[in-house]
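Here is a short report for a first look at this structure. Keep the view open while reading.

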Amino acid sequence: MVLEVVEVSVWKSSMEKNLGTSKEQPIFTTRAHVFQIDPSTKKNWVPASKQAVTVSYFYDVTRNSYRIISVDGAKVIINSTITPNMTFTKTSQKFGQWADSRANTVFGLGFSSEQQLTKFAEKFQEVKEAARLARDKSQEKIETSSNHSQASSINGTDDEKASCAGPANTHLKSENDKLKIALTQSAANVKKWEIELQTLRESNARLTTALQDSAASVEQWKRQFTLCRDENDRLRNKIDELEEQCSEINREKEKNTQLKRRIEELELELREKETELIDLRKQSEIIPQLMSECEYVSEKLETAERDNQNLEDKVRSLKTDIEESRYRQRHLKVELKSFLEVLDGKIDDLHDFRRGLSKLGADN
């Protein structure tokens, strides 16, 4: 916005230098893309400006005339004097054109909105009507002066000519006073534009400094973002390692499940052996005559007891393995919980950093 106002001020200075606008005053200003009709085809539009430029209506106090003027840098791309015969035509919602017979071309303006086009067209019609009134008034003055001159040459005396010259001098003095007032007003406007230009230059310098500070802050945020991204990558690798450890824990759990099933099978087998042992003992008490068989049964019982002892040893070994597996599992859970707490803290820091970046982007 500041650059645009500075551009307008510089444009006004260039206008005064190139076109002599000390006797002209801008009465309406807008921005549009300027086009001219292709002189060879009379159909295609040729852009006269690379971007939207300032287009203004100017009123010439001394000549009582109106012009549309636009300058792109130091180049005058529109200098069209408005006559009552001109017509401004809207060819689309954002584009309008008019023909200038003196410049032997057709000018086209492309606006950013339909409202700007409507305002420009209304001002064109208003200025056109003012130009018509000025022409009619000028013709009346010429006819009156001609008739008065003829009457003076036929019937007037030297005294009468002197008396007629008095109103003419009064009229010239009045016009001269008007020109002086317009010149004073123009000088005041130039002084005001110079003050505005200096203020805008200072604002532009402050904005440039703020922009440089903002760029330095952005670089600092970028470095912090790089550090956080590296930390995030390290945490991701740590997560992958913990996931691998979790997979090992799951495998240990599956192995423990298999061991539990094996223990249950061994316990069932042990109960069957105990039942068989009880039956054998009952048989040894009930049938004393079967001592030989009892000895055999005793040997079998001893064998079963040894087997039972072996099975109990295996059960104790399996229980020990289960307890060690559970201890490792609890230890891994504690480490995983501690890591997740650290990870949550880092994620919160990343969220705070992202909000800072969003706030910085909104401020810019």
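How are Asp-352 and Arg-355 separated in helix α4? They are three residues apart in that helix, so about one helical turn lies between them. The model is a predicted one.

Asp-352 and Arg-355 form a salt bridge. Their closest N and O atoms are 2.1 Å apart. Asp-352 has a relative accessible area of 42%, so Asp-352 is partly exposed. Arg-355 reaches 52% and therefore counts as exposed.

Salt bridges with shared partners also build a network. Glu-129, Arg-132, Arg-135 and Asp-136 are joined in it.

Helix α4 spans residues 291-363. Arg-316 and Asp-313 both lie in it. These two are three residues apart, about one turn of the helix. Arg-316 forms a salt bridge with Asp-313, with 2.0 Å between the closest N and O atoms. Both partners are partly exposed: Arg-316 has 44% relative accessibility, and Asp-313 has a relative accessible area of 33%.

The structure holds 14 salt bridges. One of them joins Arg-63 to Asp-60. The closest N and O atoms of this pair are 3.8 Å apart.

Is Asp-60 buried or exposed? Asp-60 has 3% relative accessibility, so Asp-60 counts as buried. Arg-63 has 62%, so Arg-63 counts as exposed.

## Aromatic pairs

The count of aromatic pairs comes to 14. One of them is formed by Phe-28 and Tyr-57. Tyr-57 has a relative accessible area of 0%, so Tyr-57 is buried.

Tyr-59 and Tyr-66 form another tilted pair. Here the centres are 4.8 Å apart, with 35° between the planes. Which side of the 20% cut-off does each fall on? Tyr-59 has a relative accessible area of 22%, so Tyr-59 is partly exposed. Tyr-66 has 13%, so Tyr-66 is buried.

Aromatic residues also gather in one cluster. Phe-28 and Tyr-57 belong to it, along with Phe-88, Trp-98, Phe-107, Phe-111, Phe-120 and Phe-124.

## Two asparagines with positive phi

Asn-64 has a phi near 55°, a positive value in a residue other than glycine. Asn-64 is found in the loop between β3 (53-60) and β4 (65-72). Its relative accessibility is 32%, so Asn-64 counts as partly exposed.

Asn-104 also has a positive phi, near 55°. Asn-104 lies in the loop between β7 (95-100) and β8 (105-110). At 60% relative accessibility, Asn-104 counts as exposed.

## Cysteines

How many disulfides does the structure hold? The count is zero. Cys-228 has 27% relative accessibility and therefore counts as partly exposed. Cys-246 has 25%, so Cys-246 counts as partly exposed too.

How values were computed. Residues numbered from 1 in each chain as written. Predicted model: local features only at pLDDT ≥ 70, side-chain atom pairs only at ≥ 80, totals over all residues. Heavy atoms only, no water. Helix = DSSP H or I, 4+ residues; strand = E, 2+ residues; numbered from the N terminus. Buried < 20%, exposed > 50% of the residue type's maximum accessible area, 1.4 Å probe, protein only. Disulfide = S-S within 2.5 Å. Phe/Tyr/Trp six-rings, centres within 6.5 Å; stacked < 30°, edge-to-face > 60°. Salt bridge = Lys/Arg side-chain N within 4 Å of Asp/Glu carboxyl O.
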